[in-house]
Amino acid sequence: MAAHGEADQLGTTSDSDQGELNETDAPGKSEDAILFASDDFDNLTYEGLAEEAQKPVQKGTIHAIVRQSSNDVDSRSNTPNNIDHDSSEVSAGEESVEETAEQAQITPRADNTEVPDTVDASRIEIEEEDAYNPEWKNQKKHVFILSASGKPIYSRHGKEDKLVTIMGVMQALVSFVQDAKDQLRSIVAGQHKFVFLVRDHLILVGVTRGMDSTQQMLLQLMYVYNQVISVLTHSSLNKIFKQRRNYDLRRLLTGAEKFFDNLLNLMDTEPGLLLTAVRCLPLDSSVREIIAQSIVQNAKLKDLVFALIIVKNQLVTLVRMKKYYLHPMDLHLIINLVNASESFKDAESWTPICLPKFDASGFVQAHVSYLDNDCEVCLLLLSVDRDSFFILSEAKDKIKARLIRYNALQAINASIKRTSYSTQQCGIPDLRHFLYKARSTAQYTSPELEAPYTEPAEQERLFGMYLYLHHRIHTSGRPLKILFHVGEYETLLGWVTQGFELYAVFGPLITKTSAIHAVNKLLRWIKREEDRLFILNSVTF
Amino acid sequence: MASNKVDAKVVLLGKSYAGKTCLVERYLKDRFLGETVPYQNTIGAAYGAKTVNIDGHSIVIGIWDTAGSERYEAMSRIYYRGAKAAILCFDLTDKSSFDRIRFWIGELHQHEENCKIYLCATKCDLVEENPERRAVQDSVAKALAKDCMANIYETSSKTGKNIDELFEKIAEDYVKEKVAADELEQEAIRIAEIGRKAHCPCS
Ligand SMILES: Nc1nc2c(ncn2[C@@H]2O[C@H](COP(=O)(O)OP(=O)(O)OP(=O)(O)O)[C@@H](O)[C@H]2O)c(=O)[nH]1
Ligand SMILES: [Mg+2]
């Protein structure tokens, strides 16, 4: 997007004839959040990452849950008042988990199908096909994963094994800078930005010629890294590379490529990942309450940590174990798992998944099933008990029966058909589209994409504007609260407060005063609709 | 993993792309979508069940279709624990899938002594259509089956060949074993009762 017109900075105390932004209570705000609310984007720095890498990975959430539930059993059966939940005594429950955790470790298989370390001439020739292929070069965004020793693991475009040399160069760059006790963060070359993230034994590289800022690329690489952890766990990843520095990780990731592909596509189209916030399927709060209660009543099970329903990348409900919150980044990985896996539609599934923000050291087991014939309403039951499939399957049948009895499944389907809502419904003439994030609940809302944003190219341009606005308003060192930007085809207004982030797109001719009036009106509209657009009560087992 | 509703737990194991999901799909839903739907690897494992009648016994078989990707191997025990039968699948057109079978045999011998093994050579329609595609010789496969005292079936999910036969055999073997075990138990009870009667002074 050409930066036509001047980006303008407004203070909150602008002249009243210019209009004034009323910083009222943030719509969608709740003290009783269901998701972990943290400002991941602002907090994501290379320094922070380096510090984090020094610390041992926070471990044991899963152990704690199992210990807690075994204590619960104890307290019911014998000593009701004397249980010290924080006692470090090893309970039988923990021991058994330790044992099973051991079994679950992924270990590299020692056989002879290793990819050779040296690159022979024939390979280079093949490689030239990809890296010199104009179509490949023209891709807007590349993402690569390679091992610290330079072995290709994943490439978004082209076949990673045909990109041996280019990955070798990346590894050389990273280690060259590392040798100087420094860290390679990003390179700008012409139109392209190269962003590097080195974590554990992996090097992740993002290359873009789009609107993404370095910081935004870094966030995307974090998601990709978390996706690796989600498939393998942090403990296994470390163990594997400690045993064999040269290990070909692709072997353990076969079949998982689609998770990376899908995640990267989601990141280019779903604003939720950028905002580290989730979108809820609009529903009357009474219906949502019925759904949550159906889960609570039928799935109050010892080791069940989270139960959630997802529809078209949107959250319908989330019930959680007391004390444990789901992080929006983890929720996006769950959404991505569902979104990328056609095979869940054929049968009830039982699959391990690691939620890196929750506990990077181990897996939880997910019972995944669809509740409707069209396979749109997906129920996930996440448990730390790996033998609970049939208990959860039974719980699922009861939940489904109750949702049908109370017409809740029908209400969900109606909401899907109705689509979200049109910008017009907000009653603001010049407003074309917006993103609104309630920070305390890590949820966001936005209307359907309508004209002029119906074609993919236009949608991509709109997304690019949001990236630009988001970047400008978050640029560290010069944090803006409000940004008014007049572009060639539209005018943008971004506003960030303690309670919310708002990004609004108007027609090109709107004045600053009208835009401010419009935004105030929009906030009042969202406030009126907040019960439907957000989940404001947290339901626990 | 046990459920009181399931009588016989059956698990499918084998390399990715060997044809496990298609086999189960053919058996449970009597269809083959391989021609129209692109390959979708299984995530974790999928569960399905079917009730069959064998000699007047109605039994429920619970089938676990596991994912073949290597990263699940370390966790495969959750899926095969307590299984009465394991179907080890290999693709007749892929030698490496056959080489993997020994691993599963070892794994089951070590952890699930009571699990009966059935070898399943999949995609036989492909080698019937074009014998040159055969990568695993019949004699070699049979030798392995003999080695581990397993039955071996050549199946095609596309044509349905031998699939009902395979599951029927599993169900029959299960019923046979169960009847034998029940008889043994009855016998034990009878003996115990005789013993009790002999010792009871009041009778
Ligand atoms: N011609 C033919 N193709 C088959 C047959 N069975 C499976 N296929 C094809 O082989 C491929 C793999 O089949 P799947 O059943 O999905 O393999 P899988 O063993 O479940 O693989 P994972 O889930 O990754 O472990 C698919 O493209 C099927 O269409 C068969 O009997 N005949
Ligand atoms: Mg499969």
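This is a predicted model: local features need pLDDT of at least 70, side-chain atom pairs count only at pLDDT 80 or more; totals for chains, interfaces and linings use all residues.

**Polar contacts and cover of ligand 1**

- A nitrogen atom of ligand 1 lies 2.7 Å from an N or O atom in the side chain of B:Asp125.
- B:Gly19 takes part through its backbone, where a polar atom is 2.9 Å from an oxygen atom of ligand 1.
- On its own, ligand 1 has 650 Å² of accessible area, and the protein covers 93% of it.

**The shell around ligand 1**

- There are 21 residues around ligand 1, and those that come nearest are B:Ser16, B:Thr21, B:Tyr39, B:Gly68 and B:Asp125.
- Sorted by class, the shell holds nine polar, seven nonpolar and five charged residues.
- Two helices of chain B, α1 (20–29) and α5 (124–129), each contribute at least two residues to this shell.
- With three residues, α1(B) gives the most to the shell.

**The magnesium ion (ligand 2)**

- The protein donors of the magnesium ion are the OG1 atoms of B:Thr21 and B:Thr42, at 1.9 to 2.1 Å from the ion.
- B:Thr21 belongs to helix α1 of chain B and B:Thr42 to the loop between α1 and β2 (45–54) of chain B, so the pair ties together parts that are 21 residues apart in sequence.
- B:Thr21 has 29% relative accessibility and therefore counts as partly exposed.
- B:Thr42 has a relative accessible area of 10%, which is under the 20% limit, so B:Thr42 is buried.
- B:Thr21 is also among the residues that come nearest to ligand 1.

**A:Ser415**

- A:Ser415 sits in helix α17 of chain A, which spans residues 408–418.
- Its relative accessibility is 3%, so A:Ser415 counts as buried.
- When neighbours within four places in sequence are left aside, A:Ser415 is in contact with A:Leu281, A:Pro282 and A:Leu283.

**Chain A as a whole**

- Chain A has 19 helices and 18 strands.
- Of its 541 residues, 56% are buried.
- Among the contacts in chain A with a separation of 6 or more, 69% join residues 24 or more positions apart.

Definitions and conventions. Residues are numbered from 1 along each chain as its sequence is written. Chains are lettered from A and ligands numbered from 1 in the order in which they are written. Side-chain values use heavy atoms; hydrogens and water are left out. A residue is near a molecule or strand if one of its heavy atoms lies within 4 Å of it. A polar contact is a pair of N or O atoms within 3.5 Å; within protein, one must be able to donate a hydrogen and the other to accept it, and residues adjacent in sequence count only if both atoms are side-chain atoms. Accessible areas come from the Shrake-Rupley method with a 1.4 Å probe; for residues, only the protein chains shown count as cover. Helices (H or I, at least four residues) and strands (E, at least two) are DSSP runs, numbered from the N terminus. Ala, Val, Leu, Ile, Met, Phe, Trp, Tyr, Cys and Pro count as nonpolar, Asp, Glu, Lys and Arg as charged, and the others, Gly among them, as polar. Donors are N, O and S atoms within 2.8 Å of the metal (3.2 Å for Na, K and Ca); water is not among the atoms, so sites may look incomplete. Buried means under 20% relative accessible area, exposed over 50%, partly exposed in between (1.4 Å probe, protein chains only). Contact means heavy atoms within 4.5 Å.
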